[in-house]
Amino acid sequence: MTDYLDGNVLGGTLGELFAVDITAARAQCASCGNRGAVAQTLVYPAGPGMVARCPACGAVVIRLARGEDRAWLDLRGLSYLQLEVPPGPEPSPAV
Amino acid sequence: MARAAVLGRLTWLVGKVTDVRDETPTARTITLEVPGWPGHAPGQHVDVRLTAADGYSAQRSYSIASAADGTRLELTVQRLADGEVSPYLAGVLAAGYPLELRGPIGGWFLWDAADPAPVLLVAGGSGIVPLMAMLRARAAAAASIPFRLVYSARSPDDVIYAGELAGLQRAGLDVQLVYTRSAPPGSGRPAGRITAADLTAGSWGPDRAPAVFVCGPTGFVTAAAELLTAAGHDPGRIKTERFGPTGG
């Protein structure tokens, strides 16, 4: 199985789970440190879920499966996600 | 607007088909009226879900072909002979039918009309669809940002939106059609796969630093992106959208 798609294809299922678009988020690969948009990962959709690999080193960065009434999301291949969000109020000081 | 269109969790909506029209012998455009549609940005896609009477359900992603226009939207679907969903969408579906979909999806493969950078669009086959949404958005905004479209199709009969593209070309859009199997007489370019020269013709080299959008089948996109990168385009300026075996 060598045919892959882009991380864009994760958008539908992730959009069902999260209110912000995760595919446009910047992600860092926990294996090699490569940074890029989730949309730039290489997604292998043939299995029971979708497996996204780092475009630089090939490590698995995201696994996503959607079942009848639940979804599984494994992000351990990422060290972080950086999300763009609408401007909001300054965070309140801790009390 | 793009941001507003992608905020909020996706839910399934039911649209109503208002028109269908054939673009080529195998590609059909479906016009939908979708109550509750929040608007979209050029380059976004939708998920379409078909459910059989016995509850069996199949889902596919399709790019939006139209520029934002209220609750109206157009999809163009390429019919795949062995497909599960596309033969229904591009063969059976007719005006008056309901269609379940969710979207808009994707906040990355988007053209932002506020970005002044020139734009290079590279399409393989039905990969033209989201790029057409960008061309239509540019036309709707009467934007003067330079665009070049390089569109690879098997033969003249396979060119989707041929008439509209010819009109845009007469109006000054830089369009290059690349035929991979059979070129029309006098086209000046023998049939064959896309080359570096096709991508950088005219003044469209990497020194112009265009935003580049490439969409098509996986093999086409990978080949085109490699040609662009080898020619000196910044990989960070190249956005790709591949479709593959999960299509159909």
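Which residues have the most contacts inside the largest nonpolar core? Hold on to that question while we get our bearings: what you see above is a predicted model. Now for the reply. That core has 86 residues, and the ones with the most contacts inside it are A:Leu10, B:Leu121, B:Val122, B:Leu131, B:Phe213 and B:Ala224. The names come from chain A as well as chain B. If you want to know where the largest share comes from, look at helix H3 of chain B, residues 128-140, which puts in eight residues.

Let's pick one of those residues and look around it. Setting aside the neighbours within four places in sequence, B:Ala224 is in contact with B:Val122, B:Ile194, B:Leu199 and B:Val214. One of these partners, B:Val122, is itself on the list of residues with the most contacts inside the core.

Staying with chain B, find the open sheet. Six strands make it up, and reading across they come in the order E4-E3-E6-E1-E2-E5, with antiparallel pairing. Strands E4 (57-63) and E5 (72-78) of chain B stand at the edges; each has a single partner strand, so one side of each is left without a neighbour in the sheet. Step from one strand to the next and the twist averages 40°. Among the residues involved is B:Thr51, whose bridge partner in E4(B) is B:Ser57.

Now over to chain A. It has one helix and eight strands, and starting from the N terminus the elements go β-α-β-β-β-β-β-β-β. Along its principal axes, the C-alpha trace of chain A spans about 50 × 35 × 20 Å. Of its 95 residues, 36% count as buried. As for how the chain folds back on itself, take the contacts in chain A with a separation of 6 or more: residues 24 or more positions apart account for 46% of them.

Finally, see where the two chains meet. The contact takes 20 residues from chain A and 22 residues from chain B. On the chain A side, the elements that give two or more residues are strand E1 (5-6) and helix H1 (11-17). H1(A) gives the most to that side, with four residues. Sorted by class, the side of chain A that touches chain B has 11 nonpolar, five polar and four charged residues.

Conventions
Residues numbered from 1 in each chain as written. Chains lettered and ligands numbered in written order. Predicted model: local features only at pLDDT ≥ 70, side-chain atom pairs only at ≥ 80, totals over all residues. Contact = placed C-beta atoms within 7 Å. Nonpolar A, V, L, I, M, F, W, Y, C, P; charged D, E, K, R; others polar. Core = buried A, V, L, I, M, F, W, Y, C linked by C-beta atoms within 7 Å. Buried ≥ 20, exposed ≤ 12 C-beta atoms within 10 Å, placed from the backbone. Pairing = 2+ DSSP bridges. Axes fitted to C-alpha atoms, helices over the stretch in contact; angles between N-to-C directions.
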